[in-house]
Amino acid sequence: MTDQYTFDDPVHRYGRVEPPVQHQPEPGVQGQMTPVPDLGEETYRGTGRLEGRKALVTGGDSGIGGAVAIAFAREGADVAISYLPEEEADAAHIAELVEAAGRKAVRLPGDVSDAAHCRELVAAAVDALGGLDILVNNAGKQIAVENLEDLSDEQFEQTFRTNVFAAFWITKAALPHLGPGSTVINTASLEAYKPAPDRLDYAATKAAINNLSKGLAQQLAPRGIRVNVVAPGPTWTALQVSGGVSDEQMQAFDDESTYQRSGQPAELAPAYVFLASPESSYVSGETLNVNGGMPTP
Ligand code: NAD
Ligand code: MG
C-alpha cells in the first residue's frame, strides 16, 4: 500500500490482527501494544484540504484520534491534542509527526471528565492555536463488565462523564470561538445501534452522542457550523487492551466485522478529514459509519 488513495481490495488492505491476549491499566499506552496499531504514519498523504485550519482533537495521542491528528496536519491544519498525563509518550509521538508535517502541535494533558478542565482545555487550545475551527470530540472510556450487578455506579457515571458530558462541556466552551464554516465531529460507535451485552454504559453513551449531534446540528446550522459523527466499528486500539473487551473478545476481535478483520485507525482518519473540510458543506447531522461493512440503521 502506497497511500490512502491506492486502489486495492479493501477487505485485504490490512491483514487480521490476531492479537495475543494482553492487558494494560486504563487508559493504555499504544506504544506498548502488540502489534502497535497503524495510524497512517507511513501512508497518509495530504492534499491541502485543511490548509490553515486550527483543530482540537481529544484523545489525540493514540488510536483514531492520533490518526486524525496526523491526517489533519498533513492536510495543512495546526493541531492541539488532549489526552491523559499517563499517555505522554504516545502524545509525543503524535506531536512529532504533526511538526514533521510542518504544522503546529499543541499538547494539552488533563482529565476531560472534569468540567473545569474542559473549559481550561478549550481556552488553552484557542490561545495556542490563535483560534479554533475544527473540534473533534473523540476521547472515550470503555470498560467491559459482564453483569449489571457488577457495573458500579461510579463506572456508569464516569463513562458518561468522559464520553458524553465532556463533549457537551468542550463544545459549549468552544462555541464562542467557532465561526461559519467551523465543524464539530463527534465519535460514536457501531455499539450505538448494536450494544454488546457487557458494555451497557459505553454503548448507551454512544447512542447519546449520535442523538445529541443530530439535535445540535440543527441548532447550529443557522450559525454556519456543521456537526457530524463518525461511528467506527471494531478498530485495533489501546481501548481494547485496557479493559475494553474480555479476553475472549480480544481473541475474536477480527471476527466482529463483515470484513472478518479489525479496522486500523488509519482507515478512520479520512472520514474525519471529509467532515472537517468544506467539501462536506451540505452534510450536517450525519453519522458516517466506518465499520468494515456492518449494516446500520
Ligand atoms: P484510544 O485508547 O487510542 O483513544 C481513546 C483516548 O481517550 C485515549 O487515548 C485517552 O487520551 C482519551 N481519554 C479517555 N479518558 C479520558 C479522560 N478522562 N480525559 C482525557 N482523555 C481521556 O482508543 P480509540 O479506539 O482510538 O478511541 C477513540 C474513540 O473511538 C473513542 O471515543 C471510542 O469510544 C471510539 N470507538 C472506538 C472503537 C474501537 O474499536 N477502537 C469503536 C468504536 C468507537
Ligand atoms: Mg491513548
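**Notes on the predicted model**

1. E18 is exposed, with a relative accessible area of 54% (exposed means over 50%, buried under 20%, partly exposed in between, using a 1.4 Å probe and protein chains only). E18 sits in the segment before β1, and its phi is near 45 degrees, a positive value in a residue other than glycine. Helices (H or I, at least four residues) and strands (E, at least two) are DSSP runs, numbered from the N terminus.

2. Some housekeeping. This is a predicted model, where local features need pLDDT of at least 70, side-chain atom pairs count only at pLDDT 80 or more, and totals for chains, interfaces and linings use all residues. Residues are numbered from 1 along each chain as its sequence is written, chains are lettered from A and ligands numbered from 1 in the order in which they are written, and side-chain values use heavy atoms, with hydrogens and water left out.

3. Q260 also has a positive phi, about 60 degrees, although it is not a glycine. Q260 is partly exposed, at 38% relative accessible area, and belongs to the loop between α7 (247–251) and α8 (265–276).

4. Two cis peptide bonds to look at: E26 to P27, with omega about 5 degrees, and T34 to P35, with omega about -10 degrees.

5. Now the metal. The magnesium ion (ligand 2) has D61 (OD), S62 (OG) and E87 (OE) as its protein donors, 2.1 to 2.2 Å away. D61 is in the loop between β1 (54–58) and α1 (63–74), while E87 is in the loop between β2 (78–83) and α2 (88–100), 26 residues apart. Donors here are N, O and S atoms within 2.8 Å of the metal (3.2 Å for Na, K and Ca); water is not among the atoms, so the site may look incomplete. Both D61 and E87 are buried.

6. Strand β4 (residues 134–137) is covered on both faces, with I134 and V136 buried on one side and L135 and N137 on the other. β4 pairs in parallel with β1 over three bridges, and V57 stands opposite V136. Four bridges join β4 to β5 (residues 183–187), again parallel, with V184 as the partner of L135. Pairing requires at least two DSSP bridges between the strands.

7. I'd also look at R226, in strand β6 (residues 226–232). R226 is buried without a salt bridge, and the nearest side chain of opposite charge, E279, is 8.2 Å away. A salt bridge here needs a side-chain nitrogen of Lys or Arg within 4 Å of a carboxyl oxygen of Asp or Glu. The R226 side chain does reach the backbone oxygen of L275, at 3.2 Å.

Note on methods. Lys, Arg positive; Asp, Glu negative; His and termini not counted. Polar contact = N/O pair within 3.5 Å; in protein donor to acceptor, adjacent residues only side chain to side chain.
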